Amino acid sequence: MSEGTVPLTAGAGQPKGLLQQMEELMAALNADLSALDADLQGTGGSGLRVGEEEAG
């Protein structure tokens with residue numbers, strides 16, 4: 001299965017409910033954001049805050 005796809009059936013071949021699909025997508029998004037945050041914290045980020053632009 002490629003990254004970014006969500007199986008539409010549960011283990012027994014039964015369709016998943018919309019709520020379960022949304023919960024799984026939110027959990028995956030949360031994990032991705034946590035990993036991104038850890039990466040940014042580790043590198044110190046760009047030094048810019050949200051809404052600021054780099055002078056140039």
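Let me begin with the nonpolar surface patch: Met26, Leu29, Leu33, Leu36 and Leu40 together form one of about 470 Å². Patches here are built from residues with over 30% relative accessible area and no salt bridge, with like charges joined within 9 Å and nonpolar side chains (Val, Leu, Ile, Met, Phe, Trp, Tyr) within 5 Å. Accessible areas follow the Shrake-Rupley method with a 1.4 Å probe, and for residues only the protein chains shown count as cover.

The model is a predicted one, in which local features need pLDDT of at least 70 and side-chain atom pairs count only at pLDDT 80 or more, while totals for chains, interfaces and linings use all residues. Residues are numbered from 1 along each chain as its sequence is written, and side-chain values use heavy atoms, leaving out hydrogens and water.

Leu40 is partly exposed, at 44% relative accessible area. On this scale, buried means under 20%, exposed over 50%, and partly exposed in between (1.4 Å probe, protein chains only).

I turn now to charge pairing. The whole structure contains one salt bridge, that is, a side-chain nitrogen of Lys or Arg within 4 Å of a carboxyl oxygen of Asp or Glu. Glu24 and Lys16 form it, at 2.7 Å from N to O. Lys16 is buried, at 15% relative accessibility, whereas Glu24 is partly exposed at 31%.

Finally, the overall surface. Of the 56 residues, 4% are buried. The protein exposes about 5100 Å², with 56% supplied by carbon and sulfur atoms.
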